[in-house]
Amino acid sequence: MRYKYLITIFLILITSVNILAQKTEKEVINEVLDAWHLAASNASFNAYFDLMTEDAVFIGTDATENWQNDDFKTFAKPYFDNGKAWSFTPIERNIYLEETANFAWFDELLDTQMKICRGSGVLKKVYGKWKITHYVLSITIPNDNVDKVVKDKADFDHKLIDERKKKY
């Protein structure tokens, strides 16, 4: 009888340790995002793009940058080949999961060569692994500086608005 009691306690302890040792989905997603940013910092082209879905979209800071994955690879390849892609270091991140834990979305503040930027995006599980399927990078602008920035980019914006209105 005593052995059954000890075996039961032992099994409960092992189960508890296994449960505690498993990473949460948010921890895994956090690791994927950190690895993705690190791959860019290390100019590791394959590691970077392996963490994205085949149909991923990358929205850059320029209004014209709406990159489908193949076009983004073509754009980014020379930077990675030169050994200097970009370096984004997260300073804050929020991760959210949908009910079935097959999709997640996030927002993050980043320390970059452009100073503080905001990234946001969507990940989905592909064959049990989290992959980035949509990413948006934005340059943050303090509210007190918005008028100056709007003025600085007005000519570019007017031309792009006129051009895009004709197409849309």
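Q: How much of the protein counts as buried?
A: Of its 168 residues, 29% count as buried. Keep in mind that this is a predicted model.

Q: Okay, and how many helices and strands are there?
A: Five helices and six strands. Starting at the N terminus, the elements go α-α-α-β-β-α-β-β-β-β-α.

Q: Let's look at α2. How far does the helix reach?
A: Helix α2 covers residues 25–41, so to speak 17 residues, and spans 24 Å from the first C-alpha to the last, close to the 24 Å expected at 1.5 Å a residue.

Q: Which residues of α2 are buried?
A: Ile29, Val32, Leu33, Trp36, His37, Ala39 and Ala40.

Q: And where do those buried residues sit around the axis of α2?
A: Looking down the axis, the buried residues of α2 fall within an arc of 160 degrees, so they line one face of the helix. As background, an α-helix has 3.6 residues a turn, so residues three or four places apart point the same way.

Q: What comes just after α2?
A: Ala43, with a positive phi of about 55 degrees, although Ala43 is not a glycine. Ala43 belongs to the loop between α2 and α3.

Q: Is Ala43 buried or exposed?
A: Buried, with a relative accessible area of 15%. The cut-off for buried is under 20%, so Ala43 qualifies.

Q: Where else is there a positive phi on a residue that is not a glycine?
A: Tyr127 has one, about 50 degrees. Tyr127 is in the loop between β5 and β6. Tyr127 is exposed, with a relative accessible area of 83%.

Q: Switching to aromatics. How many aromatic pairs does the count come to?
A: The count comes to 22 aromatic pairs. Take Trp36 and Tyr48: their ring centres are 4.8 Å apart and their planes are at 15 degrees, so the pair is stacked.

Q: Where do Trp36 and Tyr48 lie in the chain?
A: Trp36 is in helix α2 and Tyr48 is in helix α3 (residues 45–50). The two are twelve residues apart, and the pair links distant parts of the chain. Both Trp36 and Tyr48 are buried.

Q: What about Trp36 and Tyr135, what kind of aromatic pair do they form?
A: An edge-to-face one, 4.8 Å centre to centre with 70 degrees between the planes. Trp36 lies in helix α2 and Tyr135 in strand β6, so this pair ties together parts that are 99 residues apart in sequence. Both Trp36 and Tyr135 are buried.

Q: Now charges. How many salt bridges does a search of the whole structure find?
A: Eight. One of them joins Lys125 and Glu25, with the closest N and O atoms 3.1 Å apart.

Q: Which elements do Lys125 and Glu25 sit in?
A: Lys125 is in strand β5 (residues 115–126) and Glu25 is in helix α2. They are 100 residues apart, and the pair links distant parts of the chain.

Q: And how exposed are the two partners, Lys125 and Glu25?
A: Lys125 is partly exposed, with a relative accessible area of 27%. Glu25 is partly exposed too, at 28% relative accessibility.

Q: Which residue does Glu108 form a salt bridge with?
A: Arg93, with the closest N and O atoms 2.8 Å apart. Glu108 lies in strand β4 (residues 103–112) and Arg93 in strand β3 (residues 89–97), so the pair ties together parts 15 residues apart in sequence.

Q: Are Glu108 and Arg93 buried or exposed?
A: Glu108 is buried, and so is Arg93. These two are also linked with Asp34 in a network of salt bridges.

Q: What about Glu163 and Arg164, how do their side chains meet?
A: In a salt bridge, at 3.6 Å from N to O. Glu163 is partly exposed, with a relative accessible area of 37%. Arg164 counts as partly exposed as well, at 37% relative accessibility.

Q: Last topic, the surface. Which residues make the nonpolar surface patch?
A: Ile139, Ile141, Val146 and Val150 make a nonpolar patch of about 290 Å². Ile139 is in strand β6 (residues 129–139) and is partly exposed, with a relative accessible area of 42%.

Technical notes. Residues numbered from 1 in each chain as written. Predicted model: local features only at pLDDT ≥ 70, side-chain atom pairs only at ≥ 80, totals over all residues. Heavy atoms only, no water. Helix = DSSP H or I, 4+ residues; strand = E, 2+ residues; numbered from the N terminus. Expected span 1.5 Å × (residues − 1). Buried < 20%, exposed > 50% of the residue type's maximum accessible area, 1.4 Å probe, protein only. Arc of directions from axis to C-beta. Salt bridge = Lys/Arg side-chain N within 4 Å of Asp/Glu carboxyl O. Patch = residues over 30% accessible without salt bridge, like charges linked within 9 Å, V, L, I, M, F, W, Y side chains within 5 Å. Areas by Shrake-Rupley, 256 points an atom, 1.4 Å probe, with all protein chains shown as cover. Phe/Tyr/Trp six-rings, centres within 6.5 Å; stacked < 30°, edge-to-face > 60°.
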